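Good morning, everyone. Please take a moment with the sequence and the model, which I shall then discuss in two parts.

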Amino acid sequence: MTDDATRDGAWVSLFSGGKDSSWALYRALESGLPVERLLTVHTTGDSYMYHVPETELAGLAAESIGIPLVEVEPDDFRAADAVDSAAQGDAELEPMEAALRDLDADLSVAGVTAGAVESEYQTSRIEAMCDRLGIDLFAPLWQRDPMTLAEEMLDAGFEVTILQVAAAGLDESWLGRSLDRDALADLADLHDEYGVHVLGEGGEFETFVTNGPHMDRGIELEYDTEWSGNRGRIRVTDARLD
């Protein structure tokens, strides 16, 4: 894991459109890393390794950012049926690693960016993948204070929408809510009461960045909400660039 480029070549941003991968991309661009591709893995079911909801929005985000998007569409990982979490995580990484090998043949990939904050499960696998590929990993959120990171995102001008919630204290009113300073204050209270991670690192919530300093245009969303008693998500019905 590195804070600087140590190899020559192109960089690839592992990208879902969510706040963490978007922040990693933004910090990479700010640091001068030559990010030439975004890479999104679209899942059709639950996943141990990837952001799941509304990943099709990554295409609009890539258009606004101005970096070509590579989209990987594997078969359903059947994560709900997994009996060995380690083997499941390794298996889920295979389509992304194959895509990076293909990109390396074309671009000579120097490294990837990742938005990991605290997950050893995900980060150790991405690090091992980078070792196999002989590339660097830029993970600027890794082991940073979550509230500080959230405040830095807002200070930079990130506009973030909550797509999905699945934790005690996060009710239907959070679906479609902006992750602003009021929301951060509420999340801090929920952390104290229920242990909710203020960045949703434990899967408590998922997000999408609708605007930021790395984007030429914002993204407008129209959506319906789905609620199942203790968890819910939005279903985007229309999305367009401003």
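This is a predicted model: local features need pLDDT of at least 70, side-chain atom pairs count only at pLDDT 80 or more; totals for chains, interfaces and linings use all residues.

Two strands are said to pair here if DSSP finds at least two bridges between them.

Valine 165 has glycine 232 as its bridge partner in β9. What joins β6 to strand β7? There, 6 bridges link β6 with β7, residues 205–211, and the two strands run antiparallel. Within β7, threonine 207 is the bridge partner of isoleucine 162.

I now turn to the sheet as a whole. It is an open sheet of 4 strands, in the order β7-β6-β9-β8, with antiparallel pairing. Which strands stand at the edges? They are β7 and β8, the latter spanning 219–227; each has a single partner strand, so one side of each is left without a neighbour in the sheet. On average, neighbouring strands of this sheet are turned by 30° against each other, direction ignored. Helix α2, residues 58–65, packs on the sheet and touches β7, β8 and β9. The direction of helix α2 makes about 40° with that of β9.

The structure holds 1 cavity of 30 Å³ or more, and the largest cavity contains about 30 Å³ of space. Which residues line the largest cavity? The lining consists of Lys19, Ala150, Met153, Leu154, Val160, Leu179, Leu184 and Leu199. By class, the lining residues divide into 7 nonpolar, no polar and 1 charged. Helix α5, residues 146–156, gives the most to this lining, with 3 residues.

To close, I would return to the two topics together: β6 is joined to β7 by 6 bridges, and the lining of the largest cavity includes Val160. Thank you for your attention.

Definitions and conventions:
Residues are numbered from 1 along each chain as its sequence is written. Side-chain values use heavy atoms; hydrogens and water are left out. Axes are lines fitted to C-alpha atoms, for helices over the stretch in contact, and angles run from 0 to 180 degrees between N-to-C directions. Contact means heavy atoms within 4.5 Å. On a 1 Å grid over the protein atoms alone, a cavity is a set of points where a 1.4 Å probe fits but cannot get out, and a pocket is an open set with protein on both sides within 12 Å along at least five of seven lines; lining residues have an atom within 4 Å of a point. Grid points are joined across faces, edges and corners, and a volume is the space filled by probe spheres set on the points. Ala, Val, Leu, Ile, Met, Phe, Trp, Tyr, Cys and Pro count as nonpolar, Asp, Glu, Lys and Arg as charged, and the others, Gly among them, as polar.
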